[in-house]
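Have the viewer open while you read.

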Amino acid sequence: MKIVVIDGQGGKIGKTIIEQLKAADSTSEVIAIGTNALATAAMLKAGADNGATGENPVVIASRTADVIVGPIGIIAADSMLGEITPKMAEAIGQSNAKKVLIPVSKCFEVAGVQDMPLSQYVTEAVHIILC
């Protein structure tokens with residue numbers, strides 16, 4: 001299975017996702033795509049198999065991913081302080097991959113979602129991906 005983890009800013013969410021994925025499943029290919037070099041570096045350090053930075057890698061990876069995972073902002077143009085371009089959001093949204101979104105953002109409120117610590121959201125996301 002090809003799992004694409006997309007994150008921006010400091011890459012904390014992506015790093016946490018990759019650490020938990022690698023601990024639970026060593027057979028899946030995990031690709032880290034950062035919206036900036038700092039996020040990519042953090043995710044590679046966490047154990048991603050490969051990584052790249054920027055808009056074009058998001059577009060290309062979205063075409064072949066089985067699963068795309070990241071904060072909810074990855075599907076909204078101009079979110080994450082403008083790091084998600086319209087082309088990125090479109091590529092992720094149009095991808096046939098299963099999308100697993102972590103409901104953390106200053107701009108989004110998702111009705112019915114419990115307020116939990118980030119680590120709990122990530123644990124649930126990893127469970128969804130691997131089950």
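1. The buried residues of H1 pack against strands E1 (2–7), E2 (29–34), E4 (67–71) and E5 (98–102), plus helices H2 (37–45) and H6 (118–130). Those residues are Ile 13, Gly 14, Thr 16, Ile 17, Ile 18 and Leu 21. Buried here is under 20% relative accessible area with a 1.4 Å probe, protein chains only, and contact is heavy atoms within 4.5 Å. Helices (H or I, at least four residues) and strands (E, at least two) are DSSP runs, numbered from the N terminus.

2. Before going on, a caveat: this is a predicted model, with local features needing pLDDT of at least 70 and side-chain atom pairs 80 or more, while totals for chains, interfaces and linings use all residues. Residues count from 1 along each chain as its sequence is written, and side-chain values use heavy atoms, leaving out hydrogens and water.

3. On to the sheet: it is open, with 5 strands in the order E3-E2-E1-E4-E5 and parallel pairing. E3 (50–53) and E5 are the edges, each pairing on one side only. Pairing takes at least two DSSP bridges between two strands; E1 and E2 have 6. Val 5 sits opposite Ala 32 in E2.

4. How do H3 (55–64) and H5 (86–94) cross? Their axes come within 9 Å, at roughly 10°. Axes are lines fitted to C-alpha atoms, for helices over the stretch in contact, with angles from 0 to 180 degrees between N-to-C directions. The two helices are therefore roughly parallel to each other (angles under 35 degrees). Glu 55, Val 58, Val 59 and Ser 62 in H3 meet Lys 87, Met 88, Ala 91 and Ile 92 in H5.

Key. Buried < 20%, exposed > 50% of the residue type's maximum accessible area, 1.4 Å probe, protein only. Parallel < 35°, antiparallel > 145°, perpendicular 65-115°, else oblique.
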